[in-house]
Amino acid sequence: MTVLVTGAGPTGLALACALRLHGVEVRVLDRAAGPAATSRANFLHARGAEVLARLGALGTLPQDSLRAMRITTYAGARPIMRIRFGDPGLRTAAPPMVVSQARVEGALRARLAELGVEPEWGTEVTGVAQDGDGVEVRLGDGRRSTAAWLVGCDGSGSAVRRLAGIGFPGARLSERFLLADLDIDWDLGRDGTSGWVHPEGLFAAMPMPGGSWRLFSYDPEGGAERPEPAEIVDRLRQHLARRTGRTATFGECHWASVFSVHRRLADTYRNGRIFLAGDAAHVHAPFGGQGMPTGMGDAENLAWKLAMVIDGQAAPGLLDTYEAERRPLAENVLRGTALATRVNIADSAAGRFLRDKVLVKLGGLPWVQRKATYTASQLWVSYRKGPLGGRRPLGDRIADLDCVREDARRTTLHAELGGTWALLLPASGGGRVVEAAREGLGKRVVVLRTDAAGVPALVRPDGHLAWRGETGLGGWLATALRGGWPANTLRGEAG
């Protein structure tokens with residue numbers, strides 16, 4: 001049975017890789033003529049790095065990226081706040097990275113090619129029809145293609161979402177921003193992002209791998225028409241001089257664009273055999289770098305559930321848990337990024353006072369910086385309140401652990417996930433649940449021993465704790481994979 005994925009961005013490519021690791025046949029369609037070369041998103045937090053690592057796509061990205069983990073806020077030439085990001089100490093695959101989205105997509109395409117799939121470029125979806133057995137897709141050249149399932153990962157303007165009749169309500173939160181990646185000769189250090197608060201609006205500069213800079217500027221008075229790249233660069237030059245008080249010589253412009261901040265969330269993530277993931281399901285402000293990890297998290301969550309349903313190891317009702325687990329996270333991200341947008345573009349006296357006086361002082365406190373790092377990392381994501389969750393820590397992310405396989409080879413937990421579940425056993429004992437795990441999951445489970453396991457525990461392919469206890473695993477699997485889905489009724493802990 002084939003899964004058809006539309007959109008060869010980070011979400012669609014991550015979904016395709018995860019499905020292939022589960023042995024599912026997949027095709028990836030994209031209406032663009034070829035891969036994007038522009039940077040667009042350029043920050044990858046720990047959650048995104050963990051997904052890439054489980055997919056086998058992290059590669060050399062940590063070595064090729066920047067570690068510009070400091071944000072300095074200025075009022076003119078005076079620094080008024082510094083926030084330092086770092087590793088929150090939860091055994092992550094890589095610390096936060098400044099890395100081009102194009103590089104992330106390249107790493108995912110390379111991994112997908114290793115798994116036997118190449119994106120089909122220049123292939124636009126123009127029509128969709130479905131029944132109880134599958135989905136038929138009409139393509140822009142008149143061809144028709146069928147699949148068992150269709151997943152729209154085709155961005156905020158998703159054709160799949162529109163053709164599936166799924167609403168996308170929301171609101172515009174800002175006027176336009178200017179954005180450009182440029183070579184600049186100036187005296188600003190490359191050890192972090194810098195932002196300037198100014199009555200005219202926010203101005204920010206982020207160092208990029210390769211020596212260029214990304215400039216980002218609020219431009220509420222810029223007019224309604226979309227400017228040409230040369231005009232964007234000229235306005236950025238003016239904004240830099242007025243808002244930062246610095247002098248700079250602009251070199252080559254690699255990319256320039258404009259955007260407005262919107263907050264939108266799909267009415268549902270599913271219509272029959274059609275699913276949405278990533279920006280097709282939720283759109284939010286770029287503040288905080290939450291786009292790539294949220295979309296790739298959607299992909300990883302959906303992939304293992306689709307694979308188990310396709311293989312007949314789980315009832316179709318398992319697919320309903322995708323939205324139940326992922327939509328609340330999107331709501332949380334939308335709230336946080338909407339608040340950040342309002343703070344950054346505040347133009348009232350009260351708003352500027354809150355930002356420039358109150359929040360500036362709070363931002364320097366160590367506990368606030370630790371909280372900011374942890375929140376941005378998405379390592380806090382838990383499905384405890386979802387239909388597969390339960391009492392803490394069920395549903396929580398499990399940090400990477402040193403383990404030993406049954407063949408005595410040393411490994412780590414996250415290295416074994418991606419296409420499989422992991423049954424963690426204590427260093428000795430706990431073997432009674434192995435038979436139940438293999439009966440319920442077959443080839444999809446690997447047995448690992450670790451000193452960190454007090455009792456046997458079952459970890460999902462996406463790194464979240466599913467069950468733990470001495471007995472009852474067979475019953476939990478039967479209920480979780482075959483049962484109905486009344487919210488918050490499944491409990492994994494036994495004994």
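**Helix packing and buried residues, question by question**

The protein chain has 13 helices and 24 strands. The model is a predicted one.

Colleague: How much of the protein chain is made up of buried residues?

Modeller: Of its 495 residues, buried ones make up 55%. As for contacts with a separation of 6 or more, 73% are between residues 24 or more positions apart.

Colleague: Start with helix α1. What makes α1 roughly parallel to α7?

Modeller: The crossing angle. The axes of α1 (residues 10–21) and α7 (residues 291–310) cross at roughly 30 degrees and come within 8 Å. Angles under 35 degrees count as roughly parallel, so α1 is roughly parallel to α7.

Colleague: Which hand does the crossing of α1 and α7 have?

Modeller: It is right-handed.

Colleague: Which residues of α1 and α7 meet?

Modeller: From α1 come Pro10, Thr11, Ala14, Leu15, Ala18 and Leu19. From α7 come Met292, Gly295, Met296, Ala299, Ala303 and Leu306. By class, this contact has 10 nonpolar residues, two polar and no charged.

Colleague: Why is α1 called roughly parallel to α4?

Modeller: The axes of α1 and α4 (residues 101–114) come within 9 Å and cross at roughly 25 degrees. The cut-off is under 35 degrees, so α1 counts as roughly parallel to α4. The crossing of α1 and α4 is left-handed.

Colleague: Which residues make the contact of α1 with α4?

Modeller: On α1, they are Pro10, Leu13, Ala14, Ala16, Cys17, Arg20 and Leu21. On α4, they are Gln101, Glu105, Leu108, Arg109, Arg111 and Leu112. These divide into eight nonpolar, one polar and four charged residues.

Colleague: What is Asp298 in contact with, leaving aside its neighbours within four places in sequence?

Modeller: Ala277, Gly278, His282, Tyr322 and Arg326.

Colleague: And Trp304: what decides whether it is buried or exposed?

Modeller: Trp304 is also in α7. Its relative accessible area is 1%. The limit for buried is under 20%, so Trp304 is buried.

Colleague: What does Trp304 touch, not counting residues up to four places away in sequence?

Modeller: His22, Leu318, Leu388, Trp421, Arg460, Pro461 and Asp462. A polar atom of the Trp304 side chain also lies 3.5 Å from the backbone oxygen of Asn301.

Colleague: How far is the C-alpha atom of Trp304 from that of Leu319?

Modeller: They are separated by 9.7 Å, with the two residues 15 apart along the chain.

Colleague: Last, helix α2. Why is α2 described as largely enclosed by the rest of the structure?

Modeller: Because nine of the 10 residues of α2 (residues 46–55) are buried.

Colleague: Which residues of α2 are buried?

Modeller: Ala46, Arg47, Gly48, Ala49, Glu50, Val51, Leu52, Arg54 and Leu55.

Conventions
Residues are numbered from 1 along each chain as its sequence is written. This is a predicted model: local features need pLDDT of at least 70, side-chain atom pairs count only at pLDDT 80 or more; totals for chains, interfaces and linings use all residues. Side-chain values use heavy atoms; hydrogens and water are left out. Axes are lines fitted to C-alpha atoms, for helices over the stretch in contact, and angles run from 0 to 180 degrees between N-to-C directions. Helices (H or I, at least four residues) and strands (E, at least two) are DSSP runs, numbered from the N terminus. Angles under 35 degrees count as roughly parallel, over 145 as roughly antiparallel, 65 to 115 as roughly perpendicular and the rest as oblique. A crossing is left-handed if the near helix is turned anticlockwise from the far one by less than a right angle, and right-handed if clockwise. Contact means heavy atoms within 4.5 Å. Ala, Val, Leu, Ile, Met, Phe, Trp, Tyr, Cys and Pro count as nonpolar, Asp, Glu, Lys and Arg as charged, and the others, Gly among them, as polar. Buried means under 20% relative accessible area, exposed over 50%, partly exposed in between (1.4 Å probe, protein chains only). A polar contact is a pair of N or O atoms within 3.5 Å; within protein, one must be able to donate a hydrogen and the other to accept it, and residues adjacent in sequence count only if both atoms are side-chain atoms.
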